[in-house]
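Welcome, and let us walk through this structure together. Please take a look at the sequence and the model before reading on.

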Amino acid sequence: MSKRDYYEVLGVSRTCTEAELKTAFRKLAMQHHPDRNPGDTECEHKFKELNEAYDVLKDGDKRAAYDRFGHAAFEQGGMGGGQGFSSDFGSAFADIFEGIFGMQGGRGGRSSGRERGSDLRYNMEITLEDAFEGKTAQVRIPTSVICEACSGSGAKAGTKPKTCATCGGMGKIRHAQGFFTLERTCPTCQGRGQVIDDPCKACGGAGRVTRERTLSVNIPAGVEDGTRIRLAGEGEAGLRGGPPGDLYIFLSLAPHEFFQRDGADLHCLVPISMVTAALGGDFEVPAIDGSKAKVKVPPGTQTGRRFRLSSKGMPVLRSKQTGDMYVQVSVETPQNLNKRQRELLVEFAKLSSDENQPEAAGFFGRVKEFLDGLGTRGSHSE
């Protein structure tokens, strides 16, 4: 039976790129893999055919020879031998199937049976003052620690874990499938390479137990909302003496009653009276460092005006820089006026002119011009 054209087998053109070739092979290999089609001899044949075609075409030299001489290039002692496979085929193909099926090819190494502990996350809320000054906080965390009874081995005191007889300590077993040797996790030891005949009663063979620990966390000045602090080796203890994971402290800032933060700058909104805005004056505001700062308001101040207080903001993390504080004023309209206050305001209104309220005068002047223009256009249309 003559062999099919390798490009036809993979469903690609002779001008296909290496990426297109690999994509086509991965798709077809997943479709016809024997593990997905147990007992189907036709799929097994197609799978071998795909492997043979891809092994030739993925190699630049072999592909050039095939394009020139066809299958004859690999027959009678040609480049690839009678089977059309190179000696390094297994390792090249294993790289692809590791991503598809989660299997690993190659020789592999002996498993130690130890597993790294999981990383832990701890959410901590701090105040803006804490973020300004920095602090050392105490946190209590329930986590897994090494079992003292078995020193983390998982085996009863006086005994040791034994090498798994099924996999010989490799943690995986090999399964021959046609031209390939696929490796799977050992079902006896679950990939650890060791088994425990007499497990430790204190930890049940895990090598770790759950305890609550108290840790000190150094929070530097200038941290922002969402800052992550890593404490190496303070996570869960590893299984059977494996290395511990890490602990990550995620910081969040509690809302402040006075300040809003924007990076290293602080913002606050201060209401002032209409009299202070009109005549000018001053007022004091608290600063984040505990001091007081005086803000001078010039006559005629309008709502929304901002005043900058230099270096009264937050420190910049791990630097000597400091942000600024911005005070924005809001002019408050008087409410609940008594009779005399109302009389004075009426008198003030009679004495007022456009010069006292230039923005309002300008706005309503433009409104009048706009409305007059509409009236003029209406009369022209008649």
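The structure contains 20 salt bridges, where a salt bridge is a side-chain nitrogen of Lys or Arg within 4 Å of a carboxyl oxygen of Asp or Glu. Before we visit some of them, a word on the model: it is a predicted one, in which local features need pLDDT of at least 70 and side-chain atom pairs count only at pLDDT 80 or more, while totals for chains, interfaces and linings use all residues. Residues are numbered from 1 along each chain as its sequence is written, and side-chain values use heavy atoms, with hydrogens and water left out.

The general idea behind these pairs is simple: side chains of opposite charge can pair when their charged atoms come close. Take Lys-62 and Asp-55, whose side chains form a salt bridge at 3.6 Å, N to O. Are these two buried or exposed? Lys-62 counts as buried because its relative accessibility is 8%, and Asp-55 counts as buried at 0%. Here, buried means under 20% relative accessible area, exposed means over 50%, and partly exposed lies in between (1.4 Å probe, protein chains only). Across the protein, buried residues make up 34% of the 382 residues.

Another salt bridge joins the side chains of Asp-324 and Arg-308, at 3.0 Å from N to O. Asp-324 sits in the loop between strand E14 (306–309) and strand E15 (325–332), and Arg-308 belongs to strand E14, so this pair ties together parts that are 16 residues apart in sequence. Asp-324 is buried, with a relative accessible area of 12%, whereas Arg-308 is exposed at 51%.

Now for the helices and strands. The protein has nine helices and 15 strands; helices (H or I, at least four residues) and strands (E, at least two) are DSSP runs, numbered from the N terminus.

Two strands count as paired if DSSP finds at least two bridges between them. E8 and strand E9 (residues 247–253) run antiparallel and are joined by four bridges; in one of these places, Leu-231 has Leu-247 of E9 as its bridge partner.

Finally, how do helix H2 (residues 18–32) and helix H3 (residues 41–57) cross, and at what angle? Their axes come within 9 Å and cross at roughly 160 degrees, where axes are lines fitted to C-alpha atoms, for helices over the stretch in contact, and angles run from 0 to 180 degrees between N-to-C directions. H2 and H3 are therefore roughly antiparallel to each other, a label for angles over 145 degrees. The contact (heavy atoms within 4.5 Å) involves residues including Leu-21, Phe-25 and Leu-28 of H2, and Phe-47, Leu-50 and Tyr-54 of H3.

Methods. Parallel < 35°, antiparallel > 145°, perpendicular 65-115°, else oblique.
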